[in-house]
Amino acid sequence: LATFAGALMSRGPSVWSFLSTALGVQSWTPDNKFFFFFDGPMWSISVEIFLYLLFPLFVGKVLSLSTSGRRALQLAMLLVIFVSGWISHAAERPDALLWLVQAKNDHVTWLTYLCPIMRMPEFVLGASLVGEIRAGTFRKMPVGIAGSIAFGGYLLCVADAYGFGLEAITAIPFGIMIIRFGQRDLLEPGK
């Protein structure tokens, strides 16, 4: 709350900007004087801090879902990831929807890309994949193939003609990698 109040009161980088970065809460404030202040990549750690604080509130519910419940949740999370990725990248294109062009780009970027709540679908998707690993619903594949699929997701981002963005295009390949490495950790200890 102090960081958010500081954002409202400041006109430029200030002690509030430094404090938010030092505490790892800079991505919680919709102001570029905060989320990219001093150490730009720290916004990602800030999102993780937020999500790990919420983790105990939802992990039990996600892991207790039936297989069909987990699959429905996974599809819903993928849909949110694709739609928010498209909106985020549409805001950067000249042919974007009119309401996105008229919106202040910093706020659209924050809401669709940096805001911890909007990154939660990726986190929930990962937690639901742990349920799949525990249930043994996916066959194992060689680790090298899983890693290659994830790397291929990054390569697909170069050819992203529809503008879904990195987070949407890599969601499924990284999901496959999470499943495979989770299987290795759970079923093949010591590897």
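**Notebook: pockets and bent helices**

I began with the second largest pocket, where helix 11 gives the largest share of the lining, 7 residues. My helices (DSSP runs of H or I, at least four residues) and strands (runs of E, at least two) are numbered from the N terminus.

Source notes: I am working on a predicted model, where local features need pLDDT of at least 70 and side-chain atom pairs count only at pLDDT 80 or more, while totals for chains, interfaces and linings use all residues. I number residues from 1 along each chain as its sequence is written, and my side-chain values use heavy atoms, with hydrogens and water left out.

**Second largest pocket**

For pockets I took a 1 Å grid over the protein atoms alone: a pocket is an open set of points where a 1.4 Å probe fits, with protein on both sides within 12 Å along at least five of seven lines, whereas in a cavity the probe cannot get out; lining residues have an atom within 4 Å of a point. A volume is the space filled by probe spheres set on the points, which are joined across faces, edges and corners.

I get about 270 Å³ for this pocket. I count 15 lining residues, with L129, F138, G175, I176 and I179 nearest the centre. Helix 5 (67-90), helix 8 and helix 11 each supply at least two of the lining residues. I sorted the lining into 9 nonpolar, 3 polar and 3 charged, where nonpolar is Ala, Val, Leu, Ile, Met, Phe, Trp, Tyr, Cys and Pro, charged is Asp, Glu, Lys and Arg, and polar is the others, Gly among them.

**Largest pocket**

The largest pocket comes out at about 730 Å³. I find 24 residues lining it, and R119, E122, F123, F174 and I178 lie nearest its centre. Helix 4, helix 8 (116-135), helix 10 (166-169) and helix 11 (171-187) are the elements giving two or more residues to that lining.

**Helix 4**

I then looked up helix 4 (residues 42-63): its 22 residues reach 29 Å from first C-alpha to last, close to the 32 Å expected, the expected span being 1.5 Å times one less than the number of residues. I see a bend of about 55° at F55, with P56, a proline, following within four residues; a bend is the angle between axes fitted to the seven residues ending at a residue and the seven starting there. Its buried residues are W43, S46, V47, F50, L51, F58, V59 and V62, buried meaning under 20% relative accessible area (exposed is over 50%, partly exposed in between; 1.4 Å probe, protein chains only).

**Helix 8**

The ends of helix 8 are 29 Å apart, which agrees with the 28 Å its 20 residues should span. I noted a kink of about 25° centred on E122. I count 14 of the 20 residues as buried, so helix 8 is largely enclosed by the rest of the structure. G136 follows helix 8 with a positive phi, near 70°.

**Rings**

My search of the whole structure gave 5 aromatic pairs, meaning rings of Phe, Tyr and Trp (its six-membered ring) with centres within 6.5 Å; planes under 30 degrees apart are stacked, over 60 edge-to-face and the rest tilted. F58 and F123 have ring centres 6.0 Å apart and planes at 75°, so I logged the pair as edge-to-face. This pair links F58 in helix 4 with F123 in helix 8, 65 residues apart in the chain.

**Whole chain**

I end with 11 helices and 0 strands. Of the 191 residues, 39% are buried.
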